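Me: I have a structure open and want to learn to read its features. Can we take them one by one?

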Amino acid sequence: MGLFLSRNLANLLISFSSKRAKLAGAVFPVQIEEMVSLVSRTGRHLQRYDKGCRQVVGCIPYRYRKGGGELEVLLVSSQKGKAMMFPKGGWEIDESMEEAALRETIEEAGVKGKVEKKLGQWRYKSKSQGTYHDGYMFPLLVKEQLECWPEKNVRQRRWVSASEAKDICQHGWMKEALDMLVSRVTQQQQRGEVLEKPRA
């Protein structure tokens, strides 16, 4: 009788464990992914440098307004003030340039989407540190806007027209990247290319 109970108990535990493992595999990765996506990377131990220049990547998140289809871009405030800019941050050694640009955009602006072909590279001097940085900017066609994101409590985000963004963006090199995006979109429209326009 004891052997019978032991075998049945063992079979029950194995069955329960395998069901639990399947459930964990189905549920926990999503929860873990969502939890991880709510945390910004910190520190500079993985930061890339090239000849002393910090490597910085960012995105110009954009969408098309419903109805007229006007181009809008998303600006974020700085952490320490009210200056407005496009999301950007350090490119780290364990990620591609595009992965870093998307990560920074999710962390700072709380939007996800398709990272498109690089707009260019700019060398600029950091006002806070007095060091030179190489900045790379990408367009990001926004497909999802998150309600919660890692820097929600320290940044404001604001959708504006391209012309308004040029007036209020604090960085000259970012304004040049915006000009390149507007030029690219205009050329695509003139060539009659079909642009993907997700719901704004």
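Me: Let's begin with helix α2. What span does α2 reach from its first C-alpha to its last?

Reply: The expected span of a helix is 1.5 Å times one less than its number of residues. Helices (H or I, at least four residues) and strands (E, at least two) are DSSP runs, numbered from the N terminus. Here α2 covers residues 97–109, 13 residues in total. Its span is 18 Å, close to the 18 Å expected at 1.5 Å a residue. Before we go on: this is a predicted model, where local features need pLDDT of at least 70, side-chain atom pairs count only at pLDDT 80 or more, and totals for chains, interfaces and linings use all residues. Residues are numbered from 1 along each chain as its sequence is written, and side-chain values use heavy atoms, with hydrogens and water left out.

Me: How many residues of α2 are buried?

Reply: Buried means under 20% relative accessible area, exposed over 50%, partly exposed in between (1.4 Å probe, protein chains only). In α2, 10 of the 13 residues are buried, so the helix is largely enclosed by the rest of the structure. Among them are Met97, Arg103, Glu104 and Ile106.

Me: Which strands do the buried residues of α2 pack against?

Reply: Contact means heavy atoms within 4.5 Å. The partners are β2 (53–64), β3 (71–77), β5 (88–90), β6 (111–115), β8 (132–145) and β9 (157–161). After α2 comes glycine 110, with a positive phi near 70°.

Me: Now the rings. How many aromatic pairs are there?

Reply: Rings of Phe, Tyr and Trp (its six-membered ring) pair if their centres lie within 6.5 Å; planes under 30 degrees apart count as stacked, over 60 as edge-to-face and the rest as tilted. The whole structure holds four such pairs. Tyrosine 62 and tyrosine 64 have ring centres 5.9 Å apart and planes at 85°, so they are edge-to-face. Both tyrosine 62 and tyrosine 64 are buried. Tryptophan 122 and tryptophan 173 have centres 6.2 Å apart and planes at 45°, so this pair is tilted. Tryptophan 122 is in strand β7 (residues 120–125) and tryptophan 173 in helix α4 (residues 172–190), so the pair ties together parts 51 residues apart in sequence. Ring pairs link Trp122, Tyr124 and Trp173 into a cluster.

Me: Which residues make up the covered face of β7?

Reply: Gly120, Trp122 and Tyr124 form the covered face, while Gln121, Arg123 and Lys125 form the uncovered one. Two strands pair if DSSP finds at least two bridges between them. β7 and β8 pair in the antiparallel sense over six bridges. Tyrosine 124 stands opposite histidine 133 in β8.
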